[in-house]
Amino acid sequence: MWNPLSPSEVIAAMGGPVRDAARGEEPLDDWESGQLLSVYSATRHLAAEVGAVEPHIGELTGDLAAALRSSTDETELAARLSQLAELLEGVDDSRQAAEIACQALDLVRVDGSTSAEHVRAEIHVALARAVELEVRLLADAIEGPVEP
Amino acid sequence: MTEVKLEEVVRVLEGSGELAPGARGEELEQIQGGWSRHTYIARIRAVDGSESRHVVRVRPPGALLDTELELEYQVYEALDTTSVPTPRVQGIELSPETPFGGQFFVMEFLPGSPSNIYSRDDQQRLAEDWDGSRGVANDMVETLAEIHKLDVTAMPARIQRLSYLDVVAKWKAVYDERKLVRDPIFEEGFDWLLANQPKDQREGLVHGDYRIGNTLVADGRLTAVLDWELVYVGDVRFDLGYLVLERSAGKHLRRRAELMGTFADEAWFLERYGSLTGNPVEVESLRPFQLLSIMMLVATQVTAVWMHANGKTDDFRMVWARYSLPGLRDDMVRLMKW
């Protein structure tokens, strides 16, 4: 979900190998064919990413926000995590959500209290759910659904 | 340009005494694969009319990994005196100003082809080997045991000596420098590695990228182990952890091959390795090395994307690398038991 480069940056990068192949006067060699096959593979991944994965970003931010608010203590840590949860709720880019999750994990790692470790475990659960969802959606689109 | 490149290959081979003066380059083809080295096959006609083929390994400008070509060459030279199957190196050009766009070395062309762990045909062929003669499976485990038993003092002194923590720090530094996006799972992964440091160390020569795709197989037998650019002296269980990864068994998003590394049953391989080296291996003890090898992959894939984004390469595979990250995160989540 929070992979480097945005979908539009990936699309822009596809142009180079396609243009080179179109302009080339010689038959494609092994290397050039490989470049075009990589572009083809990326189109399939990108279609699944935009069409199937991105609509679930709200679930990721919601799960993460709930994890950050899972501490019942009234500590400074809990207050700061709650601020990050509020930030998350206004985010619609998974890369920004990942950045906020990293900031939250920085806080709980340094704190090290039992309460912080509880929040950390809840963040793990939310992240694991997002990872499993992304892999399943990409795999269903690219490799086909698992046969029963 | 191809002619100029071929002339340069001939010049290096004549300079090293590998070919008599007057040889002529006839064909040069760049082959797929190779992320931080570009690979070409050169066909040369000697003055006596005989034909030879050679592999040219080029360190391109903006190579994916900052690894030394000269050291890799010296490692091949040192391995030539051992029982580990490797191609003989035949000459090197260390000037970065070459028609190939960077330093390169030449080595002999050996019979055999690399296996593509993502190809169903190759997976099927290796599964048939496992169900039959087990020539590949036996060669893979015996060769790895040989590598790990090598006398490291007989290897080039410049090979890095890295502890477990050094390797964690190495890949963390790459991630920190090259990431375009902070990733909470990768960052927790590095923390997990520090918290799960093995209590003992089994020192030896670590190949660093030991998998079926970095070998050549001909007629059901291993003919060469290639791609030594990540070699170091350290805990040899890194190579085992890497081999037992689901990714080494052809997993991109979902695992498809049953066999470890696509060529052997995991329990069989580890038991055989233990008896060959005298060092039994429990699969659970490999968990930190599995995650460590994933962090190596993460660092290289993050670097690949960074290089394209920063105009250091126009190789589109470097952009595609972003799609290998979801599967790696999936492996990490399960290894860390989240």
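## Where chain A meets chain B

In this predicted model, 37 residues of chain A are in contact with 33 residues of chain B. On the chain A side of this contact, four helices each supply at least two residues, namely helix H1 (7-23), helix H2 (30-53), helix H5 (94-111) and helix H6 (114-142). Of the elements in chain A, H6(A) gives the most to the side that touches chain B, with eleven residues.

Chain A is divided into domain 1, which covers residues 7-54, and domain 2, which covers residues 56-142. The C-alpha centres of these two domains of chain A lie 33 Å apart, and the contact between them takes six residues from domain 1 of chain A and seven residues from domain 2 of chain A. When the residues on the domain 1 side of this contact within chain A are sorted by class, there are three nonpolar, one polar and two charged residues.

## A covered helix in chain B

Helix H9 of chain B runs over residues 287-309, and its 23 residues reach 33 Å from the first C-alpha to the last, which is close to the 33 Å expected at 1.5 Å a residue. H9(B) is mostly covered, since 20 of its 23 residues are buried. Just after H9(B) comes Gly311(B), a residue that takes a positive phi of about 70°.

Asp219(B) is placed in the loop between strand S7 (215-218) and strand S8 (221-225) of chain B. Asp219(B) counts as exposed because it has 8 C-beta neighbours inside 10 Å, and the cut-off for an exposed residue is 12 or fewer.

The other is Lys337(B), a residue other than glycine with a positive phi near 55°. Lys337(B) lies in the segment that follows helix H11 (325-335) of chain B. Because Lys337(B) has 9 other C-beta atoms within 10 Å, this residue is likewise exposed.

Conventions
Residues are numbered from 1 along each chain as its sequence is written. Chains are lettered from A and ligands numbered from 1 in the order in which they are written. This is a predicted model: local features need pLDDT of at least 70, side-chain atom pairs count only at pLDDT 80 or more; totals for chains, interfaces and linings use all residues. Two residues are in contact if their C-beta atoms, placed from the backbone, lie within 7 Å. Domain bounds come from an automatic or database domain assignment. Ala, Val, Leu, Ile, Met, Phe, Trp, Tyr, Cys and Pro count as nonpolar, Asp, Glu, Lys and Arg as charged, and the others, Gly among them, as polar. The expected span of a helix is 1.5 Å times one less than its number of residues.
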